[in-house]
Amino acid sequence: MKVLYFTLSLLFANIAISQTHQITKHNGEELDVNFIKSENDFIYYALNGSSEEIKISKYAVSQITNKQTNQTQKITDKIVVDSKSDYKLVQVLPKEKTIGLKEAANFSGVSTKTKGEPPIANDNQTAMRIKTQSALNGYPFVSIIKKANGQYQAVAYVY
């Protein structure tokens with residue numbers, strides 16, 4: 001009888017610690033993980049046999065599937081940027097929210113300075129110019145880093 005209880009407890013313990021979710025990324029990669037939570041544009045998960053929390057940007061994740069119930073939760077839609085006119089689809093993200101995205105290109109330039117315009121309008125024009133350049137090259141995400149001397153550096157990201 002002890003052997004039976006031991007075998008059953010071992011079987012249920014194995015199910016309890018097995019990977020319970022599958023994360024599907026926009027680049028086609030699938031990860032078998034233990035889903036923890038979704039918070040502040042990040043997905044937190046742990047790998048099998050580990051209690052370390054790993055985070056990934058929600059922009060890199062297409063969906064999360066619960067393996068036990070076969071329920072799928074859509075996280076984000078894939079952004080497809082084909083031409084310069086798709087600049088409105090380009091997302092400007094802070095550097096810390098690009099975890100899981102692949103760096104594609106770096107470019108820099110001088111920030112827009114129009115006489116008589118407030119600084120926020122100049123920033124918007126600079127961001128629009130960067131988004132247009134990213135869209136022209138097919139990059140759906142960009143991170144802008146401003147420098148003190150009126151210049152900027154932008155990093156483009158893809159799935």
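This note describes the predicted model shown above, point by point.

1. Basis of the note. The model is predicted, so local features are reported only at pLDDT of at least 70 and side-chain atom pairs only at pLDDT 80 or more, whereas totals for chains, interfaces and linings use all residues. Residues are numbered from 1 along each chain as its sequence is written, and side-chain values use heavy atoms, with hydrogens and water left out.

2. Overall make-up. The chain contains two helices and ten strands, where helices (H or I, at least four residues) and strands (E, at least two) are DSSP runs numbered from the N terminus. Their order from the N terminus is α-β-β-β-β-β-β-β-β-α-β-β. Of the 159 residues, 35% count as buried; buried means under 20% relative accessible area, exposed over 50%, and partly exposed in between (1.4 Å probe, protein chains only).

3. Contacts and surface. Among contacts with a separation of 6 or more, 51% involve residues 24 or more positions apart; a contact means heavy atoms within 4.5 Å. The chain exposes about 10000 Å², of which carbon and sulfur atoms supply 52%. Accessible areas come from the Shrake-Rupley method with a 1.4 Å probe, and for residues only the protein chains shown count as cover.

4. Strand β1. Which strand is largely enclosed by the rest of the structure? It is β1 (residues 21–25), because four of its five residues are buried. Strand β1 pairs with β2 (residues 30–39) in the antiparallel sense over four bridges; two strands pair if DSSP finds at least two bridges between them. In this pairing, T24 has E30 as its bridge partner. Four residues lie between the strands of the hairpin, where G28 takes a positive phi near 95 degrees. Strand β1 also runs antiparallel to β5 (residues 61–66), joined by five bridges, and I23 stands opposite I64.

5. The open sheet. Four strands form an open sheet of mixed pairing in the order β7-β9-β10-β8. Its edge strands, β7 (91–92) and β8 (102–110), each pair on one side only. Strands β9 (residues 141–146) and β10 (residues 151–158) are antiparallel over six bridges, and S143 stands opposite V155 in β10. In a regular strand the side chains alternate between the two faces of the sheet.

6. Loop residues. Two asparagines have positive phi values without being glycine: N40, near 55 degrees, and N70, about 60 degrees. N40 lies in the loop between β2 and β3 (42–46), and N70 in the loop between β5 and β6. N40 counts as exposed because its relative accessibility is 58%; N70 is likewise exposed, at 63%. A further loop residue, D82, is found between β6 (72–74) and β7 and counts as exposed at 62% relative accessibility. The C-alpha atoms of D82 and G138 are separated by 5.6 Å, although these residues are 56 residues apart along the chain.

7. The largest pocket. This pocket has a volume of about 190 Å³. A pocket is an open set of points on a 1 Å grid over the protein atoms alone, where a 1.4 Å probe fits, with protein on both sides within 12 Å along at least five of seven lines; lining residues have an atom within 4 Å of a point. Grid points are joined across faces, edges and corners, and the volume is the space filled by probe spheres set on the points. The lining has 14 residues, with S111, N122, D123, T126 and K146 nearest the centre. Helix α2 (119–137), β9 and β10 each supply at least two lining residues, and α2 gives the most, with five.
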